[in-house]
Structure formats: structure tokens, C-alpha cells
Amino acid sequence: MLGRLACCIGLMLLAGAGQAEAGQQLANIFYEDDRQAEARSLDSDFAAVGALQILDDGRWRGRGAATLVSPCHVLTAHHIAFGGGRAPGDPLSFAYGPPRDGRAFAERVRAFAVIWGNRDRHVHEDWALLRLEPCIGEKVAWWPPVSMTTEEAAALPDGVMLAGLPGDRNIDAVSVDPSCRVVGSDLRLPPAWLHDCATRIGDSGGALFRIGENGKPVLLGVVHAEGTRRSEILSVWTPAHSNFAVPVANFIDRIHPYLAGAQ
């Protein structure tokens, strides 16, 4: 895959080119569908990836992915935390852990937004940090967010991975694309990343990540998942059909005070 994409590293995509409305969450799968199902047992690294849901008529509904990034906080996409005109104080929950008693997730805690990007500006601000009550870091591994430039991420020898909860897969497990790449960025500053990780509706808010030197995942970006979707698997990556993520580098300075206080 590296040779196939080498010519595209550093590619700049004009803002708006080939993009659809964010609410549609259109995305693509490139080359082959090699996504893997990873169990969310509480002693697994993938227990950190769960679902953010809203309280609707007394029931928790909908889902967007979120990732535990401190003992007490999850990161997700702004449009997942505030979609449908939700206000910062509206009730949200983070569902996590393995399936139990016919439910997709064994555990649930309340989640409250504490800081977020200005999504109206562009996809590079599509992020939100939420605090969990109670904290769950004593029983669930969390993924530290790590800042990388576009060039550093694109040059990673083993590429990156994506973890989410796509609607075309069973959510009893986390769906992981184990081998994909950051291909470039758009023209805005700070940029949004273009990537070829397999992404479907439901992955929004999920994690673009890599395995760190200690053998544990680190979070590099938040999945935005905008693109021009095709139902078939695409044999070639193109800017018009790219998927998008918001790099941690765009907001690490803003969330650091919250994370530092939770450890």
C-alpha cells in the first residue's frame, strides 16, 4: 500500500471539493475490506472504544463512537456530541464494555461536554471532550492522545488504524481497520487529515490510532468520516472519495489542562 500512496503524501485538497454535508456521514472503503472485530472485554485495550448516546423519551438512543482518553474523559466528534441542536448540558451517556443480557454494552456512565471545537468553521474543529461521571479509568484502559503533524503521520512505517462502530457491522465488538494511512491534508489551518481507513456511518467520533512503543494504542485523530460514499469497495484512493479525521494536534493544547487534572 505504501508504494501505491507514496505519490499522494502531502496532497492538498481544496476546501469543499468532493465533500458532502457532514450530517450525511458519507465515507468509503478502499482496496479491500479487511476490518477486524475486536472484543471489548474490560481487560482489553478496545474497551476504551464505546458509544455515545442521547436520552430520548426515557431511552438511550442512537450511537456515535467515542474513545476514553483519560480515566475520566472521552473524545468524540462535535457533531456526535451536539448533533440535532443538542446543548452542552443535554444528557449523554458513554456505553462501554462487552455485551451483556441482550444489550450491546455491559456498562453505562453519564457524559458531560467540557470543551469542544467550533464545528461551524470546518471539519478541523469537529471534536469534543466529555467528562464521565463516575470516572472509569480504574477498570478500563485509556488511550493517551498524541500530537502528530500530517507529515509525521503520513510517514509512519506501519501506517495507522481506525476503531469505530460502523452501522454495517455487529456492534457487539469494535470494528478495526488494521492497515491504512494518512494520505494528506486540506488547505485549512489547522488542517483536517485525509485518510484511506475503511469508514462507514457509525464510525464518526471514533479513533484514528497507532500502537505506541509500549505496545498500547495511542489516539492520533478523531474520525469525521466525510466523503462521497460508494457502496462498492474502491480500488484507488482519490481526493474526491477521501475520508477525513481531525488530528489531535488541532486541539491538544486546549484539552491538556482537563486531562492533566484527571490523572
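The accessible surface of the chain comes to about 11000 Å², and 51% of this surface belongs to carbon and sulfur atoms (Shrake-Rupley method, 1.4 Å probe; for residues, only the protein chains shown count as cover). The model is predicted: local features need pLDDT of at least 70, side-chain atom pairs count only at pLDDT 80 or more, and totals for chains, interfaces and linings use all residues. Residues are numbered from 1 along each chain as its sequence is written, and side-chain values use heavy atoms, with hydrogens and water left out.

**Exercise 1. Describe the chain as a whole.**

Solution. 
- Step 1: The secondary structure consists of 4 helices and 15 strands (DSSP runs, numbered from the N terminus: helices are H or I with at least four residues, strands are E with at least two).
- Step 2: Of the 263 residues in the chain, 55% are buried (buried means under 20% relative accessible area, exposed over 50%, partly exposed in between, with a 1.4 Å probe and protein chains only).
- Step 3: Among contacts between residues at least 6 apart in sequence, 70% join residues at least 24 apart (contact means heavy atoms within 4.5 Å).

**Exercise 2. Identify the disulfides and locate their cysteines.**

Solution. 
- Step 1: The chain has 2 disulfides (pairs of cysteine sulfur atoms within 2.5 Å). Counting bonded cysteines along the chain, the pattern is 1-2, 3-4.
- Step 2: Cys72 and Cys135 are joined with their sulfur atoms 1.9 Å apart, and this link is right-handed, with 100 degrees about the S-S bond. The pair links distant parts of the chain, 63 residues apart: Cys72 is in the loop between β4 (59–68) and β5 (73–76), and Cys135 in the loop between β8 (128–133) and α3 (150–154).
- Step 3: Cys72 is buried because its relative accessible area is 5%, whereas Cys135 is partly exposed because its relative accessibility is 35%.
- Step 4: Cys180 is joined to Cys197 with an S to S distance of 2.1 Å, and the link is right-handed, with 85 degrees about the S-S bond. Cys180 lies in strand β10 (residues 174–180) and Cys197 in the loop between β12 (193–195) and β13 (207–211), so the pair ties together parts 17 residues apart in sequence. Both Cys180 and Cys197 are buried.

**Exercise 3. Characterise the aromatic pairing.**

Solution. 
- Step 1: There are 6 aromatic pairs in the structure (rings of Phe, Tyr and Trp, the last by its six-membered ring, with centres within 6.5 Å; planes under 30 degrees apart are stacked, over 60 edge-to-face, the rest tilted).
- Step 2: Phe94 and Tyr96 form a stacked pair, 5.8 Å centre to centre with 10 degrees between the planes. Phe94 and Tyr96 are both buried.
- Step 3: One aromatic cluster is formed by Phe46, Trp143 and Phe209.
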